[in-house]
Amino acid sequence: MKLYRAGLGFIFMAVSGLCTAPFSDAESPQPKKRFGFERGVVQVGDEAPNFTLRDLTGNVMSLSQLRGKVVLLNFWATWCGPCRVEMPAMEQLYKTLPRREFEILAVSTDPQGTAVTRPFQREMGFTFPILHDSEYRVGLAYGARTIPITFMVDRRGIVRQKIFGARDWDSPEARDLIHELLKS
């Protein structure tokens, strides 16, 4: 019952317009040696908690495999309108940045898993990895109480930005943010 109520909270937050906050220009604080799983919420400056999830083909993928790359970690669902709006721009961004330096992990919170995400991925033509967190354990550990929410993780595994709501990931502001992280 608690998970059902949390799902309704996601819908309320998305409908109420929470998903429209602008990119933050604030400087990121120095990294702290705290782990988000200890508090159930990840803050800017924390080391990004590692996780292991399966992709659309059943392969296991973990965040730690991507150390050395900048990672755009996005929590989303197929039923989430703002999520669906931002994902084509994520694909545009993904196509233009080198895989050796940048990766997108789109973590689906759909309880139905590949039954809904595989047709969606095919219809939209997305090439970035889609992982499944059907029981929403990783999302809750990161403190992702609303979706979409994105965590920008630097090459050392530190969360540098926590971005609530949908964004135009192909915009100059988004590209500037990512290019700054690629320089570090």
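## A buried charge without a partner

A salt bridge, as the term is used here, is a side-chain nitrogen of Lys or Arg within 4 Å of a carboxyl oxygen of Asp or Glu. In this predicted model, Asp 133 is buried and yet has no salt bridge, since the nearest side chain of opposite charge, that of Arg 137, is 6.8 Å away and a salt bridge requires a distance within 4 Å.

Asp 133 is found in the loop between S7 and H5, and its side chain reaches the backbone nitrogen of Val 138 at 3.1 Å. When neighbours within four places in sequence are left aside, the residues in contact with Asp 133 are Leu 53, Phe 75, Val 107, Ser 108, Thr 109, Val 138 and Gly 139.

## Around Asp 133

Val 138, whose backbone nitrogen is reached by the side chain of Asp 133, lies in helix H5. Val 138 has a relative accessibility of 9% and therefore counts as buried. Apart from residues up to four places away in sequence, Val 138 touches Phe 51, Leu 53, Phe 75 and Asp 133. Asn 50 is 88 residues from Val 138 in sequence, while the two C-alpha atoms are 9.2 Å apart in space.

Tyr 136 lies in the loop between S7 and H5, and it has a positive phi of about 60° although it is not a glycine. With a relative accessibility of 4%, Tyr 136 counts as buried, whereas Arg 137, at 62%, counts as exposed. Arg 137 forms a salt bridge with Glu 135, in which the closest N and O atoms are 2.8 Å apart.

## The largest nonpolar core

The largest nonpolar core has 50 residues, and those with the most contacts inside it are Phe 75, Tyr 142 and Trp 169. Among the elements that each supply at least two residues of this core are the strands S5 (70-76) and S6 (102-108), together with the helices H3 (81-96), H5 (137-142) and H6 (172-183).

Phe 75 touches Asp 133 and Val 138, and its other contacts beyond four places in sequence include Val 107, Tyr 142, Ile 147, Pro 148 and Phe 151.

## Helix H3

Helix H3 bends by about 30° at Met 87, and a proline, Pro 88, follows within four residues. Its buried residues are Cys 83, Glu 86, Met 87, Ala 89, Met 90, Glu 91, Leu 93 and Tyr 94, and these pack against S5, S6, helix H4 (114-124) and H6.

## Salt bridges

Side chains of opposite charge can pair when their charged atoms come close. The structure holds eight salt bridges, and one of them joins the side chains of Arg 155 and Glu 101, at 3.1 Å from N to O. Arg 155 lies in the loop between S8 and S9 and Glu 101 in the loop between H3 and S6, so this pair ties together parts that are 54 residues apart in sequence. Glu 101 is partly exposed, with a relative accessible area of 24%, and Arg 100, Glu 101 and Arg 155 are linked in a network of salt bridges.

The side chains of Arg 156 and Asp 154 also meet in a salt bridge, at 3.8 Å from N to O. Asp 154 counts as buried because its relative accessibility is 4%. Asp 154 is thus a buried residue with a salt bridge, whereas Asp 133 is buried and has none.

Technical notes: Residues numbered from 1 in each chain as written. Predicted model: local features only at pLDDT ≥ 70, side-chain atom pairs only at ≥ 80, totals over all residues. Heavy atoms only, no water. Core = buried A, V, L, I, M, F, W, Y, C linked by side-chain atoms within 4.5 Å. Buried < 20%, exposed > 50% of the residue type's maximum accessible area, 1.4 Å probe, protein only. Contact = heavy atoms within 4.5 Å. Lys, Arg positive; Asp, Glu negative; His and termini not counted. Polar contact = N/O pair within 3.5 Å; in protein donor to acceptor, adjacent residues only side chain to side chain. Bend = angle between axes of the 7 residues up to and from the residue.
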